[in-house]
Every structure is written in structure tokens, then in C-alpha cells.
Amino acid sequence: MKILVINSGSSSIKYQLFNMDTKEVLCSGIVERIGETTGKITYKKFPGSENEKKIVLEMPFPSHKEGMLKVAEMLTDKEDGVIADVSEIQGVGHRIVHGGSYTNPVVVDDKVIEELDKVIPLAPLHNPGHLVGIEVARQLFPHATHVTVFDTAFHMTMEPKAFMYPLPYEYYTQMQVRRYGFHGTSHKYVSHYAARLLDKPYDQCNIITIHLGNGSSMDAVQRGRCVDTSMGLAPLEGLMMGTRCGTIDPAIIGYVMRQTGINIDEMDKVMTKKSGFLGICGYTDMRDVHAQIAAGNERAKLALDMLCHRIKKQIGAYMAEMGSVDALVFTAGIGENDEIVRRQSLQGLENFGIELDEAKNDERVKEWALISAPSSKVKVFVIRTNEELEIAQETEKFL
């Protein structure tokens, strides 16, 4: 069985084709700069294997339709393709950042499209691109079952005490203002993976998942259900991120606007595009941040300290919330590759049963690693996330 996974953005399309019988990635790639004068498509055949072949082409893609047509053409190319005909693709899984109140993946129909259109105001940067991608893919792969997998769905098990904001109640009933959470596909994948490593049933595990990338979030997973998450109505709340501020005193917004004269759109841009690591030290890539720290840049060190301080606080909050924790899981670009962030975030938590094995923490991680000391009461794992495989597996359930 072959399943195509699509993540369609406003000007890009990421894709992976899976052979679900072997869980092998047949090809992957991205279409970039859709709608610009010159676009680009990257196509990797058998990525990560000894037989990997990479093709990069530059050409205009006026719309998502031209981009998906080119993807289909490369998938079926006589020399470099991996399938003979697009009819071999039985399922198409679509990553959707914001699914509103959807609690599980669903097969795409007109009602689903209508509901996703309604929540565009909650995810104006993401959902319009997703909807265009779904529309085009349904035209190009009419024989396939199309399934939407929502980043927000994993968090729909939270209780009102965790997802409600202390604002006028009609904001919730009339405008759906509540905590939704994001990166749910990643949190779900690594928490299930951790349960297998613990050799315990998923519904008996208490796990804190720590997704650290340019966007970062943390989840509390109690007995197999998400009970809390650090992101909120939008992917802005919570941890400090590459360019996003994370949680701040709401009074800052009005104060800065009155002092500077900027409007709400400009202030929103400040918080989402000019804050976080970029705002504190001028860098967003952690490799640059560490290089700056080594060169004596105090603001780079401050940015790192701020991130690790927030991670530690969130760990403590979730441990108190769940009462006991079986494992912590670091994942995503920073979580998987930055041993300094992991070490600093866990320093001083020995009294909470969290002890790091320094040597294991310093090793490069391929798929997963146990980096806690043998004496640690709480296991600490690094697990490479695989959101695309999770989407493919969720899509497979409908076939």
C-alpha cells in the first residue's frame, strides 16, 4: 500500500511517498516559491538510503496545481520515478495545522472543507494553504482516500480547566477562544514511541514530550491522554522560540503600542517575527547561538539561559500536574541535536528523580537514545520525530 503525505503551505508543498508494507520512504521533496517568478522543486528518490538520488529543478509554479502536477510527473518518471502510475497511491494524508474542534483524523469531504474554512481566522498563515493543497490533490488523485490529520487533535483530550482562558465566557462560545496546542502529530508520535521503549501500555504511561525547533512546545501526556500543552490559541504562547516571544505579560502589548504608536498588525509581527532568540541576540539558528556564546556574546548566552529556564519551569509544572512521570522525551531539531540545551534544561532536577548520563547525552542520536543515568527514576529519551510517518499511519487506518 502506498500513501502520499502532503504538507501544503501558502507558497510551498512538502511531500513524502510511503510504502506502508515496509514503512519505507520511496521519495520525498518540496516545491518552493509557488506564485513567484522562479520556483524550485526538490525530489529525493529513496532518501537516506545508499541508493538516494536527488534532483533539483528551477521553474515557475504559478499555482499549487502546477506544483502538484510536477510532483506527480516525477513520481511516475520512467527513469527516476518510484511508481508506474498515480493510481498506485491509495491514500493521501494531509497535514493540517489547525483543525478547530476535530478530535481525530477524518476523511475529506465537503463538510470538512467547510469546517476548515471556518477556522481560517485562527490559523491565517497555514489553513488557506492547506485547503488549496487539498483541493488540488483531490483533483489529481481522485481515486485515493484523502485524510486530514490535525496538529491540534492530540490536545482535544484536555479538560476545560486546562484549555479555557480566564476571559469572558462568550469569547469561547462565540469565537472559539481556547487553548488548542500545536505540534500534536509530533507529540503523539514520540509519546507512543516512548511507551514502547518503556515496555508499558500507552494508557499506563505519564510522559512529558519536549518538541524544540524553530517553533517549540511541550505536552503533558497522562495515561495516554494529553492533559496540558504549552501553546495556546495560536502557536505563539509557551516557550521562547526562534522568532516568537512565547508567553509574556499581556499588558506589554498595549504598553508597547501606546509608547511606540505601532498598530496591532505591527505588534503581532513583532511578537511572531522579531522576538524570541532573534529579538534577544539577533540569531535564530542554535549553531550560531552557540558559536556566539563561545565568542563571548553575553546576549546569546542570555537567550540560551532564558530558553532552558522556561523548559525547566514547564517540566516542574507538568510533574506537579501529573503527580508522577515515567519519561521525558526531547525531539525535533534542537531537542534531537543540541546536547547543551538538554543538559542545561535538566540541571538541578536530580531531586525530582531526573539524572542525566553526560556521556550518552553527548553522543549523536540516530533514531532514539536513552540519555538518563541508570539511577534516574525518570527515563530521559531523545527520539527523532517522524510526523510524516504518523500522518501516513493515521491515513492507513481509513483504507
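Tutor: Happy to. Keep in mind that this is a predicted model. Let's start with the inside.

Student: Fine. How do I read a nonpolar core, and which residues touch the most other members of the largest one here?

Tutor: The general idea is that in soluble globular proteins, nonpolar side chains tend to be buried together. Here the largest nonpolar core has 37 residues, and those that touch the most other members are Ile208, Ile311, Ile315, Leu328, Val341, Leu346 and Ile354. At least two residues each come from β9 (206-212), β10 (216-222), α9 (276-281), α10 (286-294), α11 (298-322), β12 (327-331), α13 (339-346) and β14 (379-383).

Student: Which element gives the most to this core?

Tutor: That's α11, with ten residues. For a view from one member, take Leu346: leaving aside residues up to four places away in sequence, it touches Ile315, Leu328, Phe330, Ile354, Leu356 and Val380.

Student: Now a helix. Is α15 enclosed or open?

Tutor: Count its buried residues, meaning those under 20% relative accessible area. Seven of the ten residues of α15 are buried, so the helix is largely enclosed by the rest of the structure. The buried ones are Glu387, Leu389, Glu390, Ile391, Ala392, Glu394 and Thr395.

Student: What covers them?

Tutor: The cover includes β1 (2-8), β2 (13-19), β6, β8 and α6 (184-198). Zoom in on Thr395, which sits in α15 (residues 387-396) and has 0% relative accessibility, so it counts as buried. Beyond residues up to four places away in sequence, Thr395 touches Ile3, Gly91, Val92, Gly93, Thr145, Val147 and Val149.

Student: Two of those buried residues are glutamates, Glu390 and Glu394. Which network are Glu390 and Glu394 linked in?

Tutor: A network of salt bridges, together with Lys188 and Lys397. By the rule used here, the structure has 19 salt bridges. When you read one, ask how far apart the partners are in sequence and how exposed each one is.

Student: On to cysteines. How many disulfides does the structure hold?

Tutor: In general, a disulfide is a covalent bond between the sulfur atoms of two cysteines. This structure holds zero disulfides. For Cys226, the nearest cysteine sulfur belongs to Cys205 and is 15 Å away. Cys226 is buried, at 1% relative accessibility, and Cys27 is buried too, at 0%.

Student: What does Phe46 touch?

Tutor: Its contacts are Glu24, Val25, Leu26, Cys27, Asn51, Glu52 and Val82, not counting residues up to four places away in sequence. Phe46 and Cys27 are 19 residues apart in sequence, yet their C-alpha atoms are 5.2 Å apart. Phe46 lies in the loop between β4 (39-45) and β5 and is partly exposed, at 25% relative accessible area.

Student: Last one: which residues form a nonpolar patch on the surface?

Tutor: Leu167, Tyr171 and Met175, with about 280 Å² of accessible area together. Tyr171 lies in helix α5 (residues 169-175) and is partly exposed, with a relative accessible area of 34%.

Key
Residues numbered from 1 in each chain as written. Predicted model: local features only at pLDDT ≥ 70, side-chain atom pairs only at ≥ 80, totals over all residues. Heavy atoms only, no water. Core = buried A, V, L, I, M, F, W, Y, C linked by side-chain atoms within 4.5 Å. Buried < 20%, exposed > 50% of the residue type's maximum accessible area, 1.4 Å probe, protein only. Helix = DSSP H or I, 4+ residues; strand = E, 2+ residues; numbered from the N terminus. Contact = heavy atoms within 4.5 Å. Patch = residues over 30% accessible without salt bridge, like charges linked within 9 Å, V, L, I, M, F, W, Y side chains within 5 Å. Areas by Shrake-Rupley, 256 points an atom, 1.4 Å probe, with all protein chains shown as cover. Salt bridge = Lys/Arg side-chain N within 4 Å of Asp/Glu carboxyl O. Disulfide = S-S within 2.5 Å.
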